[in-house]
Amino acid sequence: WFWRFWKNPWFLFDFVVVIIGIVSSFAVALPAGFTLLRSFRAFRIFRIFKKVKQLHAIVLVLISTVPYVLNAFLILVLVMCLYAIFAVEFYRDAGCGLDGRPAFLTSRGECIGVEYFGNFSRAFYTLFQVLTGDTWSEAVARPLL
């Protein structure tokens, strides 16, 4: 039983995690990698997928669908890029007055067209926000673009 324990990678992983837990309970400062390894204890639940055949079959089907989902994601990104290019061309000057002064300002003091559709990355991000209904990042990520 002793050698069988040490040859199993899951048992070795459990052993390392337990040793790190014991060492850290004595208030010994461990490098960041070791403390990160302790958080991987949650992945031990994946061992059950090997034991239960139905769960194993579901996981295999999910893994086999990944390429198809990535293809659909790629098509979505291409369509979003196309519409972002159109948005830059059509809406870049939206909200700007005829005399060059902004008619409609955003909370950051820019013209609406420049703020949301001024270049490709801003238009793509605006399109992403509209498609996902995302509004919380308006004050966080928008100023970085």
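Biologist: Where does threonine 126 lie, and why does it count as buried?

Modeller: Threonine 126 is in helix α8, where helices are DSSP runs of H or I with at least four residues, numbered from the N terminus. Its relative accessibility is 8%, and buried means under 20% relative accessible area, exposed over 50%, partly exposed in between (1.4 Å probe, protein chains only). Threonine 126 therefore counts as buried. This is a predicted model, in which local features need pLDDT of at least 70, side-chain atom pairs count only at pLDDT 80 or more, and totals for chains, interfaces and linings use all residues. Residues are numbered from 1 along each chain as its sequence is written, and side-chain values use heavy atoms, without hydrogens and water.

Biologist: How do you know that the buried residues of α8 are on the same side?

Modeller: The buried residues of α8 are Arg122, Ala123, Tyr125, Thr126 and Gln129. They cover an arc of only 165° around the axis, so they sit on the same side of α8; the arc is taken from the directions from the helix axis to the C-beta atoms.

Biologist: Which residues form a salt bridge, and what makes it one?

Modeller: The side chains of arginine 92 and glutamate 89 do, at 3.5 Å from N to O. A salt bridge needs a side-chain nitrogen of Lys or Arg within 4 Å of a carboxyl oxygen of Asp or Glu, so this pair qualifies. The structure holds one salt bridge.

How values were computed. Helices (H or I, at least four residues) and strands (E, at least two) are DSSP runs, numbered from the N terminus.
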